[in-house]
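Visitor: Please take me through one part of this model in detail, namely the place where the two chains come together, and then relate it to the fold behind it.

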Amino acid sequence: MKTVLITGTRKGIGKALAERYLERGWRVGGCSRGEASIEHPNYRHFSLDVADEKGVVAMVRALAKEGDGIDALINNAGIASMNHVLLTPYATAKDVFSTNVFGTFLFCREVAKVMRKRGTGRIVNFATVATPLRLEGEAMYAASKAAVENLTRILAREVADWGITVNAVGPTPVATDLIRGVPEEKMKALIERQAVRRMGTVDDILNVIDFFLNERSDFVTGQVVYLGGV
Amino acid sequence: MSDRIDKLVFEILKAFGENENVAGLENPTADTPLYGENGLLDSLALVSLIADLEAAIGERFEVEVTLADERAMSRKRSPFRTAGTLAEFVEEVVAEESKN
Ligand SMILES: NC(=O)c1ccc[n+]([C@@H]2O[C@H](COP(=O)([O-])OP(=O)(O)OC[C@H]3O[C@@H](n4cnc5c(N)ncnc54)[C@H](OP(=O)(O)O)[C@@H]3O)[C@@H](O)[C@H]2O)c1
């Protein structure tokens, strides 16, 4: 049975991804600050903050020990802050970086240690089209995801010898709580800038992840794939 | 405890040398140079060794430690210099972690 670790599985895209992998017969280890919202014999939930080093270390090692290692890591947990820079509190900026950058870093680091042993593994991080589109009102969010992109590209080089690939998917807006606060006109204007002008879906994201996780994709690493033709 | 940690560190070093074909790690002693001057390991090998050690400590002593922490990286004299300094450092970290 294959094992995937997905972060941020209480709701939104992470939860939907976890459910898809469970349907496919994978063992799924998930986490979020809140309690589990998935009940399935092959699902194990860890209530933790992705930026809590001890919690992350304990989760990764427990998951690897229980099964036969970890085949894939999907760093989905993320938070956004939609605000003008001049109206963004420092605390908010720090929270965004803690979850998006440091959380992704910690899971990459710990899971790569486990994957190294088997000489194979797949890591997928979450970027966003807000970064290449330079979306106003999302400076700290886009900056944090720009950091994730560079982490992805450099880590890809550092772990290539161990057969681990590291890539990122950059979704367009998908209807989840993350973007609930964005006004409708803003959303329309954003979608107008895509080549394919529609909202994204979990399946759009899953399709890119499937490609990255495919056994035949061992020559694909350090890439960021944006959806919607951005 | 300190004896058991020493034993584990040397055991892992030896196994690591065999698995990764590192000449000079067949019979490690406290003075065996690991990383830095005359070190037997390059940086990638050091990364692997540390990951192996962390996993082994978790299994043997049931404490989850991160060896490449601020303490290790900020010291003037790296704890990864020799097998002896490494063992000492591991003892320190495990003792600290067991307290919590
Ligand atoms: N939706 C979009 O339009 C869109 C577009 C581009 C990229 N993305 C990216 O897609 C990913 C998922 O977004 P989403 O739309 O599904 O967001 P969401 O609906 O807000 O869900 C976020 C998930 O992450 C968890 N989470 C947040 N902070 C956490 C932390 N510090 N530690 C542990 N878990 C944490 C949340 O659970 P708890 O609250 O229980 O912690 C929740 O399960 C994010 O990386 C986001 O940047 C989304």
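**Where chain B touches chain A**

Guide: In this predicted model, six salt bridges are counted between chain B and chain A. One of the charged pairs in question joins the side chains of Glu54(B) and Lys113(A), with 2.6 Å from N to O.

The extent of the interface can be given in two ways. Counted by residues, 11 of chain B are in contact with 12 of chain A. Expressed as area, about 1,000 Å² is buried between chain B and chain A, and carbon and sulfur atoms give 47% of this. On the chain B side, the residues that lose the most area to chain A are Leu44(B), Glu64(B) and Thr66(B), which together account for 42% of what that side buries.

Turning to the fold of chain A, one finds an open sheet of seven strands, paired in parallel and ordered S3-S2-S1-S4-S5-S6-S7. Its edge strands, each pairing on one side only, are S3 (43–47) and S7 (224–226) of chain A, and from one strand to the next the twist averages 15°. Within this sheet, strand S1 (residues 3–7) of chain A and strand S2 (residues 27–32) of chain A run parallel and are joined by five bridges, with Thr3(A) standing opposite Arg27(A) in S2(A).

Arg27(A) also takes part in a salt bridge, its side chain meeting that of Glu66(A) at 3.6 Å from N to O. This pair links distant parts of the chain, since Arg27(A) lies in strand S2 of chain A and Glu66(A) in helix H2 (residues 53–66) of chain A, 39 residues apart. Over all chains, the count comes to 24 salt bridges.

Two helices of chain A lie across this sheet. Helix H3 (residues 90–118) of chain A lies across S1, S2, S4 (72–75), S5 (121–126) and S6 (164–170) of chain A, and runs at about 180° to S4(A). Helix H4 (residues 139–159) of chain A, in turn, lies across S5, S6 and S7 of chain A, running at about 160° to S6(A).

Technical notes: Residues numbered from 1 in each chain as written. Chains lettered and ligands numbered in written order. Predicted model: local features only at pLDDT ≥ 70, side-chain atom pairs only at ≥ 80, totals over all residues. Heavy atoms only, no water. Contact = heavy atoms within 4.5 Å. Buried area = accessible area lost by both parts, 1.4 Å probe. Salt bridge = Lys/Arg side-chain N within 4 Å of Asp/Glu carboxyl O. Pairing = 2+ DSSP bridges. Helix = DSSP H or I, 4+ residues; strand = E, 2+ residues; numbered from the N terminus. Axes fitted to C-alpha atoms, helices over the stretch in contact; angles between N-to-C directions.
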